[in-house]
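This report describes the fold of one protein model, part by part. Keep the sequence and the structure in view while reading.

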Amino acid sequence: MKNTELTNRYSTIASWVYHIDKPIGRSFGDVEYYLERLKNCNGTILEPATGNGRILIPLLERGLQVEGFDASLEMLSYCKQECETRKLKTVIKQEMFNNFSYSEPFEAIIIPAGSFQLITDTDEAIEVLKRFKLALKEGGRLIIDLSPISALAERPMLARQWNVDNGMLTLTESRVETSYLKQTTLSQLRYEHWDNEKGLINSEIDLFSLRFWGVKEFELALIAVGFTDITISSNYNYLEEPNTETHTLTFETR
């Protein structure tokens, strides 16, 4: 049984690794895609699970009005620091998918990089979609990235490392469980901070869980919640149909 307090938490070393591996503006095709899809957006955009601001900050720098929230204070500290360095002003809060609250509705809500898959309970995911709908203006857009369900069968990366001052950070991943019935994976992530002279000086173990959605399954979930005008794109090419080479699905709906 997984300990929910240890799951998907992005604590100190995990956030440090994320910020080194995925610095502000690093793009997998998504930064350019979201800039293009949102270029005519005149209202405020919300990015749940904004993390270190990898995408939020480039959008701000292009003049878009973007706010964000994240469950991890450590990730938010990087985001706030990077905004301050660039003299960018926005609203960044610690919130959760299932209880975030804003007084004014948004023109768009975006969830890049598969962050929606961090919600592994199907019923909870549906409730979060309902919450997104309530948080949007009439005609507002929801844009969500998902990995294809075929990614369930992909093998995890076993080990990685990053050089830091007088040492290195390491990440070792092992798959604990793959449930094809629930369409979920559970991995154990071991983060370690090594000093060249002192050896291991800190470590963290996190559980990382994801849910994968079928294309039609997620489309039907959006329809059930009340979204319309649904489009599906592949690999950040707008309206390109998904195929066997698809590594990222992007759903856009109103």
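## A strand pair

Thr 185 stands opposite Leu 210 in β9. Strand β8 (residues 184–195) and strand β9 (residues 199–211) run antiparallel to each other, and 12 bridges link them. A hairpin of 3 residues leads from β8 to β9. Two strands count as paired if DSSP finds at least two bridges between them. Strands (E, at least two residues) and helices (H or I, at least four) are DSSP runs, numbered from the N terminus.

## Basis of the model

This is a predicted model, in which local features need pLDDT of at least 70 and side-chain atom pairs count only at pLDDT 80 or more, while totals for chains, interfaces and linings use all residues. Residues are numbered from 1 along each chain as its sequence is written, and side-chain values use heavy atoms, with hydrogens and water left out.

## The sheet

An open sheet has 7 strands in the order β3-β2-β1-β4-β5-β11-β10, with mixed pairing. β3 (92–94) and β10 (231–234) are at the edges with a single partner strand each, so one side of each has no neighbour in the sheet. From one strand to the next, the twist averages 20°.

Within this sheet, β5 (residues 136–146) and β11 (residues 249–253) pair in the antiparallel sense over 5 bridges. Leu 146 has Leu 249 in β11 as its bridge partner. Helix α2 (residues 30–38) packs on the sheet and touches β1 (44–48), β4 (106–111), β5, β10 and β11; its direction makes about 165° with that of β5. Helix α6 (residues 215–225) also packs on the sheet, touching β5, β10 and β11, and its direction makes about 20° with that of β11. These angles run from 0 to 180 degrees between N-to-C directions, with axes fitted to C-alpha atoms, for helices over the stretch in contact. Contact means heavy atoms within 4.5 Å.

## An enclosed helix

How many of the 9 residues of α2 are buried? The count is 7, so α2 is largely enclosed by the rest of the structure. Buried means under 20% relative accessible area, exposed over 50%, and partly exposed in between (1.4 Å probe, protein chains only). The buried residues of α2 include Val 31, Tyr 34 and Leu 38. The buried residues of this helix pack against β1, α3 (56–61), β4, β5, β10 and β11.

## Nonpolar cores

The largest nonpolar core has 29 residues, and Ile 109, Phe 116 and Ile 144 are among those with the most contacts inside it. Such a core is a set of buried Ala, Val, Leu, Ile, Met, Phe, Trp, Tyr and Cys residues joined through side-chain atoms within 4.5 Å. β4, α5 (122–135), β5, α6 and β11 each supply at least two residues of this core. Helix α5 gives the most, with 5 residues.

Leaving out residues up to four places away in sequence, Ile 144 touches residues including Tyr 34, Phe 218 and Leu 249. A second, separate core of 24 residues includes Tyr 34, Leu 60, Val 66 and Ile 92.

## Cysteines

A disulfide is a pair of cysteine sulfur atoms within 2.5 Å. By this rule there are 0 disulfides. The sulfur of Cys 41 is 18 Å from the closest cysteine sulfur, in Cys 83, which is too far for a bond. For Cys 83, the closest cysteine sulfur is in Cys 79, at 4.5 Å, again too far for a bond. Cys 41 counts as buried at 10% relative accessibility, and Cys 83 counts as buried at 4%.
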